[in-house]
Amino acid sequence: MNAAALQALGLRVALGGRPVLHGIDLAFPAGRWTSVVGPNGAGKSTLLKALAGLLPAEGQVALLGQPLAAWRQRERARRLAWLGQGEAGAEDLTVHDVAMLGRLPHQPWLAPPGPGDRAAVEQALRATQAWDWRDRPLGQLSGGERQRVLLARALAVQAQVLLMDEPLANLDPPHQSDWLLLVRDLAAAGRTVVSVLHEVTMALQADSLVVMAQGRVVHQGACAAPATHRAVEAVFDRRIAVHAVAGRPVALPQ
Ligand SMILES: Nc1ncnc2c1ncn2[C@@H]1O[C@H](COP(=O)(O)OP(=O)(O)OP(=O)(O)O)[C@@H](O)[C@H]1O
């Protein structure tokens, strides 16, 4: 049994005076990729932000066995990488400099990047096939190209835990496949990945699935388990059905 790399206990969040998460208990084991699915407004992004400590929340989040609040900020930033949804800013920075932002938690205050930082950035940009644009400003890239740079920034952190909100946004099918291979490699190397995905078929390629509705977890289980497939169909009002194609679960519209 794997120890939980990230854990939520009784997690509650209110936004604009309205409860959005109603007491979430979840454990994300080390070396596993978990996807989170559910209808619009279910609270998936809010959950991910609360797990990253980006929102005020009641209850507890533990990262690698320590409460989130007990970590020093830089130490925490080395261990938990974040890829948000539709992130703006840094338009004038080059692709290389954007990816280098992922190394900030590793660098002494005001020190220039060292060889280890440059190697991590090159590796991350090559992994997302963004290395060739390293001198271009972020603001000149297409939506999918930009997403690959932001993914590289998250990879460059080399964190034990990666949280990604809609990482496939704007990615074409080959780069979605690349992302899948990348995430599997990360999990095989002992990292913990949690991704919020609208692409249910992609989500079902994970190790385990969290199904959310109305601010609650309605199911958590292995992606291969028939009970998980039934929970996915139910949460989307049976407008999709999960079938096995070439031995893998695939969600098709009804
Ligand atoms: N700043 C806010 N103030 C008030 N309510 C908010 C705020 N942000 C989000 N909400 C509400 O919280 C609920 C959960 O939002 P969240 O973005 O977590 O859902 P989601 O499952 O990620 O949705 P989607 O699939 O549409 O991205 C929604 O009902 C949303 O309207």
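1. Let's start with Q123, which sits in helix 4 (residues 115-127). In this predicted model, Q123 has 15 C-beta neighbours inside 10 Å, so it counts as partly exposed; the buried label would take 20 or more. If you want a sense of scale, pick T34: Q123 and T34 are 89 residues apart in sequence and 24 Å apart in space, going from C-alpha to C-alpha.

2. Six strands make it up, in the order 6-7-8-3-9-10, and it is open, with mixed pairing. Strand 6 (80-83) and strand 10 (216-222) are the edge strands; each has a single partner, so one side of each goes without a neighbour in the sheet. On average, neighbouring strands here are turned by 15 degrees against each other, direction ignored.

3. Strand 3 (residues 33-37) and strand 9 (residues 208-213) run parallel, with 4 bridges between them. As background, strands of a sheet pair through backbone hydrogen bonds, in either the parallel or the antiparallel sense.

4. Two helices lie across these strands. Helix 1 (residues 44-51) covers strand 3, strand 7 (161-165), strand 8 (192-196) and strand 9, and it runs at about 150 degrees to strand 8. Helix 5 (residues 143-156) lies across strand 6 and strand 7, at about 175 degrees to strand 6.

5. Is helix 1 largely enclosed or open? It is largely enclosed by the rest of the structure, because 7 of its 8 residues are buried. Just after helix 1 comes G53, with a positive phi of about 75 degrees.

6. Now the ligand. Around it you'll find L15, G16, R18, V20, G38, N40, G41, A42, G43, K44, S45 and T46. Strand 2 (18-29) and helix 1 are the elements that give two or more residues to this shell, and helix 1 has the largest share, with 3 residues. By type, the shell divides into 7 polar, 3 nonpolar and 2 charged residues.

7. On to the packing. The largest nonpolar core has 73 residues, and those with the most contacts inside it are L51, A99, A124, A152, A154 and L163. Helix 5 gives the most to this core, with 7 residues. L51 is a handy place to begin browsing: leaving aside its neighbours within four places in sequence, L51 is in contact with L6, A8, V61, L163 and V194. In soluble globular proteins, nonpolar side chains tend to be buried together.

8. Two backbone spots deserve a second look. Most residues other than glycine have a negative phi. L64, however, has a positive phi near 50 degrees, and it lies in the loop between strand 4 (58-63) and strand 5 (66-67). E166 also has a positive phi, near 50 degrees; its loop is the one between strand 7 and helix 6 (173-188).

Note on methods: Residues numbered from 1 in each chain as written. Predicted model: local features only at pLDDT ≥ 70, side-chain atom pairs only at ≥ 80, totals over all residues. Pairing = 2+ DSSP bridges. Axes fitted to C-alpha atoms, helices over the stretch in contact; angles between N-to-C directions. Contact = placed C-beta atoms within 7 Å. Near = placed C-beta within 6 Å. Nonpolar A, V, L, I, M, F, W, Y, C, P; charged D, E, K, R; others polar. Core = buried A, V, L, I, M, F, W, Y, C linked by C-beta atoms within 7 Å. Buried ≥ 20, exposed ≤ 12 C-beta atoms within 10 Å, placed from the backbone.
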